[in-house]
Amino acid sequence: MTTELIKLTAAEIAEKIAAGEVTAVEVTEAHLARIEAVDEKVHAFLHVDREGALKQARAVDEKRARGEKLGPLAGVPLALKDIFTTEGIPTTVGSKILEGWIPPYDATLTKRLKDADVVILGKTNMDEFAMGSSTENSAYGPTGNPWDLTKIPGGSGGGSSAALAAYEAPLAIGTDTGGSIRQPAAVTGTVGVKPTYGAVSRYGMVAFSSSLDQGGPCARTVLDAALLHEVIAGHDPLDSTSIDAPVPPVVEAARNGSVAGMRVGVVKQFRGEGYQAGVLQRFDESVELLRELGAEIVEVDCPSFDLALAAYYLIAPSECSSNLARFDGLRYGLRAGDDGTRSAEDVTALTREAGFGPEVKRRVMLGTYALSSGYYDAYYGSAQKVRTLITRDFEKAFEQVDVMVSPTTPTTAFAIGERADDPMAMYLADLCTIPTNLAGNAAMSLPCGLAPEDGLPVGLQIIAPAMKDERLYKVGAAVEAAFTARWGHPLLEEAPAL
């Protein structure tokens, strides 16, 4: 029974709970048992809220017993990235500086999940303050990729993607600043969506880079991602960057996948040196599949995309150096060196030295330098001008095409430790994902096969204009259905059993 329940999609679980074929408590217990069985190896979770999850599940079962109408994801378990505040449950952001911090309030996204009767199993591992592409920068140790536990599960949201691939949860939440939903999805054979910037509230999401950060859905199928997207999206007056507009019809699009008559752009810049041969092979097969399904393929030239990585690594660290100034050891979280003899400045310095990891320190220093007097225009100002050029390239491309496609990542999952001492090699993992964040568009990664060289998953990235998120699901559902029919089963069924 447990094995059957954990292999179901979120949509299937919700249907069975609504029909009374299974209880929400049974579903939750099955996933908690799975976590207990495999998470010592995977390390997807930083905190499992067994008591809270079962309490939420019992509330769903009671609602059903009273004859109340259940939402489309009522009783479905979810793994929540440890960057969203959760009242009464630790929120660490993968950092020692917030170790043991219990937030007094829920993030808007957390509240919306609870209001939809989604069962939150616990908080997932992540790169500290979402800074990284491998989840190796977590202060609490790395997460393993369920396809090969010696490989990275992507980052910064590797805990969420690993939880999905290990069947510890059918749904998860991630955040995407430069690719941290899509890149983990690509290397674990799951689905991840970065909604349009401002579509999902950032209130209660610990800030890294405020003009880039965006929460989004992670799942094993396109429809499940759409159902979760619909729950978490929508205007929030508590977030000044929240878009006051209706949520695009993503679920309808996911249920009616088609690319017939659509123009699909292939980005000229997203191939060449540094791209793994097997990744390009699977991507080219995906483009051919889109053509077979009735899409018109158009090559699009976006020259400023070549500058995206450099611009991102000036803008994101600059914003992070400002955002992380609040962690001073005086108000909440870790406090070091406060023995009654030191000044507030000394305590703050000692706290940050003890509480922040190497990557966070690197980015804070880089960002502080880029914003310093005499350098602002040369670095941060120039990067913002490049950002405008990237946005214009997108606008020009979307005049010719409905969506754009590319590999999600240049390579499959690399070995844990392989790039730990080479920040530039690590940063290149986000080469294909960063332009979308800089422009604020919507994008999805979904599985398109296994690389012949290593048998590891490859992700196909679909990019849509801002507030046209439904196009991702329309194209994604069509591609998913065609690949599943070709393979004869979902790709994850090929993952080695843990």
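**Close-up 1. Ser-286 and the residues that it touches.** Leaving aside residues up to four places away in sequence, Ser-286 is in contact, meaning heavy atoms within 4.5 Å, with Cys-448, Leu-460 and Phe-483. The model shown is predicted, so local features need pLDDT of at least 70 and side-chain atom pairs count only at pLDDT 80 or more, while totals for chains, interfaces and linings use all residues. Residues are numbered from 1 along each chain as its sequence is written, and side-chain values use heavy atoms, with hydrogens and water left out. Ser-286 belongs to helix α10, residues 277-292, where helices (H or I, at least four residues) and strands (E, at least two) are DSSP runs numbered from the N terminus. With a relative accessibility of 1%, Ser-286 counts as buried, a term for under 20% relative accessible area, as against exposed for over 50% and partly exposed in between (1.4 Å probe, protein chains only).

Close-up 2. Strand β4 (residues 171-175) pairs with β6 in the antiparallel sense over five bridges, pairing being assigned if DSSP finds at least two bridges between two strands, and Thr-175 stands opposite Gly-215 in β6. Strand β5 (residues 191-194) also runs antiparallel to β6, joined to it by two bridges, and here Val-191 stands opposite Ala-219.

**Close-up 3. Leu-238 in its loop.** Leu-238 lies in the loop between α8 (222-232) and α9 (250-255), and with a relative accessible area of 53% Leu-238 is exposed.
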